[in-house]
Amino acid sequence: MTLRLALSAVLVLSCATTPPPPTPAPAGVEKFGNAIDWAKAGDEASQALSGYLQVDTFNPPGNETRGAQYLADLLSKDGIVSELVEFAPGRSNLIARLKATGAPTEKPLCLLSHLDVVPAETELWPKETGPLSGAIDGDGFIWGRGALDMKGMGLIETMTLVWLKRANVPLRRDVILLAVGDEEVDNLGMKHLVEKQWDQLDCGVLVNEGGLGIKNLLFEGQTVFAISVAEKGALWIKMKASGEAGHGSTPVPQRAPTRLIRAMQAISGRQPPPQIHASLYELLRRIGEQKGGVTGFIMQRPTLVNWFVTGKLMAKPPTRAGITNTCQVTGFDGKGSAPNVIPSQVTAIIDCRLLPGTTPEMLLAELKELVKDVEGIEFEVSNGDAANESTWEDPFFDALARHAVGTRTDAIAGPVLSPGYTDSLLARPKGARAYGMVPFELSQEELATMHGRNERVSKQNVTKGLEVLFRAVVDVSAVP
Ligand SMILES: [Zn+2]
């Protein structure tokens with residue numbers, strides 16, 4: 001084939017995709033957002049977040065009732081009644097509802113967050129701005145564990161409810177605030193909510209954590225607001241190797257540790273093929289459309305993305321995790337381990353994450369096949385959840401994207417698949433469309449503080465994030 005023929009074949013194969021246009025902004029509801037003094041609202045929200053960060057909800061043990069009570073008190077100042085539902089001693093979820101003004105025309109919109117935060121090593125944090133300080137520094141940053149994950153978001157969701165009430169926004173659907181416990185460990189709060197209360201809630205659509213706005217994500221000077229529409233599933237397994245116990249001084253083959261090493265070598269040699277999820281093509285298309293040029297041309301065409309971009313995505317662990325089924329050994333267990341004792345059983349703990357389309361059973365079968373030549377290997381599944389996803393062709397998704405970007409030409413919003421999992425994974429099987437979007441715009445440096453010893457969020461982000469969320473909720477909930 002001549003070069004010209006080859007090139008024209010590429011162009012024929014690689015038409016730009018033409019997706020349907022996003023839902024237009026509804027007319028007549030922007031007045032509600034326009035009437036609010038956002039600078040003042042942002043100051044108030046930042047002060048409230050400072051207080052929320054001072055409430056100790058480190059998980060373990062959680063103590064989420066304290067956090068739920070803090071939000072309940074905040075809501076009650078504006079006459080919003082909330083319910084605390086205990087799922088374990090000292091551990092509660094919060095539910096607060098603003099009812100539709102007349103008969104609702106759509107299922108409720110839910111604002112979901114988790115009350116618990118991961119532990120913090122206080123001694124490693126700066127003294128004045130510790131994990132429970134809620135300190136607001138001279139640069140306008142609010143410090144504390146949970147500022148980004150995810151008390152910051154929980155607080156602006158709470159204030160969104162408050163502002164809907166204060167601004168007397170007539171609602172065509174119920175808007176429900178849900179703040180749940182134990183997201184960081186076993187998702188007990190969300191499981192309780194889904195099992196015991198979903199019938200009363202019946203969220204049609206919800207926003208939760210998942211994505212964020214990230215500056216210079218792919219290109220210098222461009223911010224990408226990533227809205228998570230899908231989450232990888234998880235398969236947590238124990239791979240157990242058994243063999244005869246013995247003395248360390250006398251190596252013989254077929255001992256449990258030797259078998260485990262062989263099985264692990266087989267698993268670490270797996271080469272999962274790249275599978276680009278539809279959301280990634282769509283995100284790249286949107287970024288490419290704004291970027292323009294040859295790079296932009298390529299990014300808008302899935303075939304060219306497969307040819308030119310996949311290799312780059314496979315080369316870096318964070319992007320490789322987004323396009324493959326991964327398995328990572330996270331620990332070991334040995335029965336009666338001692339330097340001179342060969343135990344009869346040793347165990348590797350493995351965390352596998354699954355793309356949509358691969359069930360836990362499918363991946364487990366793949367692992368079993370890989371180790372089939374090693375004797376004495378058994379698998380025990382401790383957790384198996386398939387991935388799930390929501391369409392991004394949705395008015396609330398569009399509203400979040402529209403308000404995050406506004407009129408900016410240096411920012412873009414699009415769908416992503418999240419490699420980690422959140423409570424959204426439990427909501428989607430119940431029929432809710434779930435989107436992960438914390439409307440903060442962070443530098444890579446700020447992003448790295450999440451779960452770190454310097455977690456913080458700027459007042460500017462709290463202010464802007466509150467406005468974005470309020471306007472997006474109004475777009476899909478208010479009677480014009
Ligand atoms: Zn979180």
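How much area do domain 1 and domain 2 bury between them, and what part of it lies on carbon and sulfur atoms?

## The interface in brief

Domain 1 and domain 2 bury about 1,900 Å² between them, with 65% of it on carbon and sulfur atoms; buried area is the accessible area (1.4 Å probe) that two parts lose on being put together, summed over both. F219, L417 and Y421 supply 30% of the area that domain 1 buries against domain 2, more than any other three residues.

## Model and domains

This is a predicted model, where local features need pLDDT of at least 70, side-chain atom pairs count only at pLDDT 80 or more, and totals for chains, interfaces and linings use all residues. Residues are numbered from 1 along each chain as its sequence is written, and side-chain values use heavy atoms, leaving out hydrogens and water.

The domain assignment (automatic or from a database) gives domain 1 as 30–231 + 388–477 and domain 2 as 233–385. Their C-alpha centres lie 31 Å apart.

## Who touches whom

In contact (heavy atoms within 4.5 Å) are 24 residues of domain 1 and 21 residues of domain 2.

On the side of domain 1 that touches domain 2, β7 (223–231) and β15 (411–418) each supply at least two residues; strands here are DSSP runs (E, at least two residues), numbered from the N terminus. The largest share, 7 residues, comes from β15.

Notes. Helices (H or I, at least four residues) and strands (E, at least two) are DSSP runs, numbered from the N terminus.
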